[in-house]
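Trainee: Could we go through this structure together? I would like to begin with the strands and then turn to the pocket.

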Amino acid sequence: MAASEIRRAHPRLFPAFSARMVLLCLILVSLMTSTKSYISPRSSLRCSPSFQAGFCTPTSTRLRSTTPDIDRPTKKTREERLKSASKGLEVHVIGLSIHHAAVEVRELLAVPESGWNDASAALCGSGVVEEAAVLSTCNRFEVYFAASDTRRAMVSVTNYLAKRSNLPVSELRKNIFTLSGDDAVWHLFRVAGGLDSLIVGEGQILSQVRQCHLHSIEEDGSGGKVISRLLNQATAAGKRVRSETDISKGSVSISSAAAELTEMRSMGDLQLPFSEARLAIVGAGKMTRLLVTHLASRGLQRISIVNRSLKRPQELAEQFPDIKFEIALEDEMFDVIGRSDIVYTAASCEDPVISKTKMDSNGLTGRPIMLADIGVPRNINPDVAEVDGVVAYNVDDLSAVVAKNTAMRQKEMIEAEVLLREEASLFSTWQSSLSSVPTINKLQERAEEFRTAEVQKASKKLNGLSERELEAVERLSRGIVNKLLHGPMSHIRQAKEDKGSVISEVQNMFHLDEEGKKGKKGGKKGGAL
């Protein structure tokens, strides 16, 4: 090809090069493309036609840009984490939950969130476990970890849990579950999606998984490359399930059902928007706290609390600073009811605190009032339904709402599992690609060595070139190398079955396992890339 033809074909690359410059570029092309003779025609490795659009950043540049600060000696560097991850780490989980263990056992292993990273570091301290993250909630305690030696890692983690709980290993094994590989991945994705929760679709567990991920990537976290990626992918999967399905919609607890039912019935029973209704709650225990949580999520900002003492209502006021509480003692209960539109009862008592007789004697008749009893035993006598203007709902009415919504969520589980499997597949594909990273790095390094050597050989002929022309030679040679490597690297990454054979084939083809022979075999032909 004549020099003028090359300039016309590549005007940006050769703006005004001399004939000598063009000749040098042709020599480089010839040298680099000569490596094709080292690809066996019997090999199953084929370079995709799309390799011409490929681009790969040189390894040396990539490593410089991501090298962590040397002031963090206890934290593995990116290269160390990558090396560990590419050794074939398998994901495991050992844990116990409300489905497998009694609360007494769960309490023995519980770790406050502030101690999750300390527990993870202790698990990795033996050197058998490469990466770890602890997830501890009121309903579950689970350790997600990655290791190359499954048996030794399982023993190490189990012994740690036995020591922490002061339980014999034999007793601990009766309460824990262990999963590995795809089963462990699938378990975490179901947890994040709310499918493993006591209340299907509940949202708190997703927040807890997200916190687990955030802690794993902190300065003192032990998440590493695999576990942190797993937790992050699970968090994304949980968000997707809640945004693309209705699994988290509809009340599935008595307290949330009370809030939902009264909101739904407010206009019909009281001819009053729920947001404008005056609310009161009798009792200040756990059920009341849950109820306040659901009412607050609906934007209610004023609630009256009636209780035997002031301590618990004051604690509620501290827990919910955005809500203005009016606190009254039990002898003021009917005064509070008299100026309220909706009254919830959640008192701990054996006999009803509200009845027709008491309503009549306190002059609470003829005005619309909605009563919602969420106490067991009942706090409201059924005869209040005879009081003019009073509409009463009990636990049975609320249970019907719960049952309906639970059935709806069960149907949504099928769609949720489809989405979760898609996300789990993405993680598994990414994880399987890690085994190819060292080979790809070696391939890039070997190619860069040859490129540099060939440019160095021609350095005497380049003395007359300007700095701009030298930069063009660098770009040209690097571009040729990157495009030639795109096919083999894509082949390695995309191999799903028998990846080990593919990696071995590439290593043999390009002599990547021959240290100390860099460029020597090729001689004047340019070496075996």
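Trainee: How many bridges join strand β1 to β3, and in which sense do they run?

Mentor: Eight bridges join β1 (residues 90-97) to β3, and the two run antiparallel. Strands here are DSSP runs of E with at least two residues, helices are runs of H or I with at least four, and both are numbered from the N terminus. Two strands pair if DSSP finds at least two bridges between them. Please note that this is a predicted model, in which local features need pLDDT of at least 70 and side-chain atom pairs count only at pLDDT 80 or more, while totals for chains, interfaces and linings use all residues. Residues are numbered from 1 along each chain as its sequence is written, and side-chain values use heavy atoms, with hydrogens and water left out.

Trainee: Which residue in β3 is the bridge partner of Gly-95?

Mentor: Glu-142 is the bridge partner of Gly-95.

Trainee: And how does β2 pair with β3?

Mentor: β2 (residues 131-136) pairs with β3 in the antiparallel sense over six bridges. Ala-133 stands opposite Tyr-144 of β3, and a hairpin of three residues joins β2 to β3.

Trainee: Are the faces of β3 covered or open?

Mentor: Both faces are covered. Arg-140, Glu-142, Tyr-144 and Ala-146 are buried on one side, and Phe-141, Val-143, Phe-145 and Ala-147 on the other. Buried means under 20% relative accessible area with a 1.4 Å probe and protein chains only, exposed is over 50%, and partly exposed lies in between.

Trainee: Changing topic, where does α12 bend?

Mentor: α12 bends by about 40° at Met-264; the bend is the angle between axes fitted to the seven residues ending there and the seven starting there. Just after α12, Gln-271 takes a positive phi of about 55°.

Trainee: What covers the buried residues of α12?

Mentor: The cover includes α13, β8 (342-345), β9 (369-373), β10 (390-393) and α17 (395-433). Among the buried residues of α12 are Ser-255, Leu-261 and Leu-270.

Trainee: Which helix gives the most to the lining of the largest pocket?

Mentor: α13 does, with six residues. α10 (204-216), α12 (254-270) and α13 (286-297) each supply at least two.

Trainee: How do the lining residues divide?

Mentor: They divide into seven nonpolar, 16 polar and nine charged.

Key
Nonpolar A, V, L, I, M, F, W, Y, C, P; charged D, E, K, R; others polar. Contact = heavy atoms within 4.5 Å.
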